[in-house]
Amino acid sequence: MQEFAETGLPWDQNVFKAYLAYAKTPGLGGEAVEHPVRVAQLFNNVAASDTQLQALSLLAYIPEDAYGQLERRFGKETTDFAREVSAHMRTNWAYIDEASPKVKAFVMADNITWIDELQNKFYEVAQSLNEAQENGRQPQIQMPMIPSQRVLDNIAKFAVNSSGVPALEGEFIDKIEEFRRSLPEKLE
């Protein structure tokens, strides 16, 4: 995991504390370990003055077993946010219409980041396929998990115009439209 100074996140006390707390957890593991940092970076780009969203995005993936510690360090509001995100994640955002504005902003930023990371995975898959063809061997690839367009559309339907972060909402709509247009070609 990269050092805080390398993230480009603001030197805000709460963002830094949230980064340190996330760094102590197992997080998402593997290649996804940087995902919460990328979500925080996206918030820094579209809502730089809202350092609370940046800090919350780093804490959203903290395991539920750590919520007691999370509440002692960051307060009840932060723990409530993490609980709400966790509950919505378990339903794959089916009840996003009932989410708080901050959770709606988080889910859009989270999905923008996953789509960007998926784009990189597709490039890696294409590169592996090309290398295998050049060397005359059978490609060994693992297809990345592709988000459901229905889920993305549901998020757009209920989160856009109600998250309090208009710049993020516009970016989310652009991202899912680009994803919808380019997915068939990528799968081919």
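The count of salt bridges in this predicted model comes to eight, a salt bridge being a side-chain nitrogen of Lys or Arg within 4 Å of a carboxyl oxygen of Asp or Glu. Residues are numbered from 1 along each chain as its sequence is written. Because the model is predicted, local features need pLDDT of at least 70 and side-chain atom pairs count only at pLDDT 80 or more, while totals for chains, interfaces and linings use all residues.

**Salt bridges**

| Pair | Closest N and O atoms |
|---|---|
| Glu117 and Arg38 | 3.0 Å |
| Arg90 and Glu64 | 2.5 Å |
| Glu177 and Arg180 | 3.3 Å |

Glu117 in helix α7 and Arg38 in helix α3 (residues 35–46) are 79 residues apart, and their pair links distant parts of the chain; helices here are DSSP runs of H or I with at least four residues, numbered from the N terminus. Glu117 counts as buried at 14% relative accessibility, whereas Arg38, at 34%, counts as partly exposed, where buried means under 20% relative accessible area, exposed over 50%, and partly exposed in between, with a 1.4 Å probe and protein chains only.

Glu177 and Arg180 both lie in helix α9, three residues apart, which is about one turn of the helix. Together with Asp153, Glu177 and Arg180 are linked in a network of salt bridges.

**A pocket and a nonpolar patch**

The second largest pocket holds about 240 Å³ of space. A pocket is an open set of points on a 1 Å grid over the protein atoms alone, where a 1.4 Å probe fits, with protein on both sides within 12 Å along at least five of seven lines, and its lining residues have an atom within 4 Å of a point. Helix α7 (101–134) gives the most to this lining, with six residues, and α7 and α9 (166–187) each supply at least two. Among the lining residues are Phe122, Leu129, Ile141, Met143 and Leu187.

Leu129, Ile141, Met143 and Leu187 also belong, with Ile146, to a nonpolar patch on the surface that has about 380 Å² of accessible area together. Such a patch is made of residues with over 30% relative accessible area and no salt bridge, nonpolar side chains (Val, Leu, Ile, Met, Phe, Trp, Tyr) being joined within 5 Å. Met143 is found in the loop between α7 and α8 (149–159), and with a relative accessible area of 43% Met143 is partly exposed.

Methods
Side-chain values use heavy atoms; hydrogens and water are left out. Patches are made of residues with over 30% relative accessible area and no salt bridge: like charges are joined within 9 Å, nonpolar side chains (Val, Leu, Ile, Met, Phe, Trp, Tyr) within 5 Å. Accessible areas come from the Shrake-Rupley method with a 1.4 Å probe; for residues, only the protein chains shown count as cover. Grid points are joined across faces, edges and corners, and a volume is the space filled by probe spheres set on the points.
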